[in-house]
Amino acid sequence: MLSAVITALLVVVMLLIVISLIISAWRERRRYQQTLAARAFTDESASPLKPRTTAVLYLQDGNVVSVEAPKLAPPSFTLPSSWYSRRRTLVSLGFLIMIMLTLFMQGGLAGETLTSIGRELGISILSNTHPVDLRPISHPLPDTASIRLVRIDSAARNQYYTNYQWQVWAYSSCSGIAMEMVMNSYGRHLIAADILQEELDLGVWNVQLGLLREEGIAMTAAHYGFKADLSHARTLQDVIDIANKGTPVIVSVRDSHYYPGGHIFVLRGGDGQNVSIADSSPVNFTHMTRAAFLGMWQGFSAVLTPTNS
């Protein structure tokens, strides 16, 4: 969230600098037009013919009947060189270039940055930029766990027993909530604190680091009557096929701009271009391109199924 706010402020500052430069150029043009008007008034009040002025003489019977000075088009407007060399202009242009470079280095002004701002600050930006794709994706089979699965917000107060858990555990709760979403899709009625407390008791999770080892998912799931099939051998297509057949799959992703420190969420379906996910984090991605997912995926997947099924 903080990175999105900083990026938004940089964009605002960049726009203010651009507006300032436009206003400065407009004032220079206005000053130029006023100068032209003053010169025209001076010319009209002076004698009709000046030295070096070419006139057109109209003769009739050998006498001059009228004098017409040629109409000269005013010179085109260009900003004077002094405008570019002003200290304020140079500083503004330099600062503008620095902001643009900063934004592009953070992930691309037209892509990841705007997407992050839009999702975290509530701005609706309709685009097909990485990593969000708004095209419809294939749906899992009806009346299956993948369809029944409901996204849980890690920051929801009702997911924790106490205010302390809500304020402290929420930041590293992704493994517990991922298991909660899957198990509840099979008819359980758990909250995050139920699973996180069990992970804590088993020694496979702590507040600072989150899930300590992958087998902790299998150990915790077994406590609630679920079998966990853990793997690093499945391909993305394998995982999508499993989810589309009705079994949601828990996956982990590495540290990234969107998920500092890494993250665990649930993949619930997909097609040839996109994946559908249930994400407990504030970013709350629902769809992601396959390319974006593969760029973050660590290859780990866990398929949880009830042991009595």
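The salt bridges number 4 in this predicted model.

**Salt bridges**
- R148 and D143 pair through their side chains, with an N to O distance of 3.4 Å. R148 is partly exposed because its relative accessibility is 39%, whereas D143, at 64%, counts as exposed.
- A salt bridge also joins the side chains of R151 and D153, at 3.9 Å from N to O. R151 has a relative accessible area of 27% and is partly exposed; D153 is partly exposed too, at 31%.
- R213 and E215 form a salt bridge whose closest N and O atoms are 3.4 Å apart. Partly exposed applies to E215 at 39% relative accessible area and to R213 at 34% relative accessibility.

**Helix 8 and its surroundings**
- On the helix 8 side the contact involves I195, E198, E199 and L202, which meet M219, T220 and H223 of helix 9.
- Buried residues of helix 8 are A192, A193, I195, L196, E198 and E199. The buried residues pack against helix 6 (163-168), helix 7 (174-184), strand 3 (205-206), strand 4 (210-211) and helix 9.
- After helix 8 comes G203, with a positive phi near 75°.

- I19 belongs to helix 1 (residues 2-45) and, at 44% relative accessibility, is partly exposed.

Note on methods: Residues numbered from 1 in each chain as written. Predicted model: local features only at pLDDT ≥ 70, side-chain atom pairs only at ≥ 80, totals over all residues. Heavy atoms only, no water. Helix = DSSP H or I, 4+ residues; strand = E, 2+ residues; numbered from the N terminus. Buried < 20%, exposed > 50% of the residue type's maximum accessible area, 1.4 Å probe, protein only. Contact = heavy atoms within 4.5 Å.
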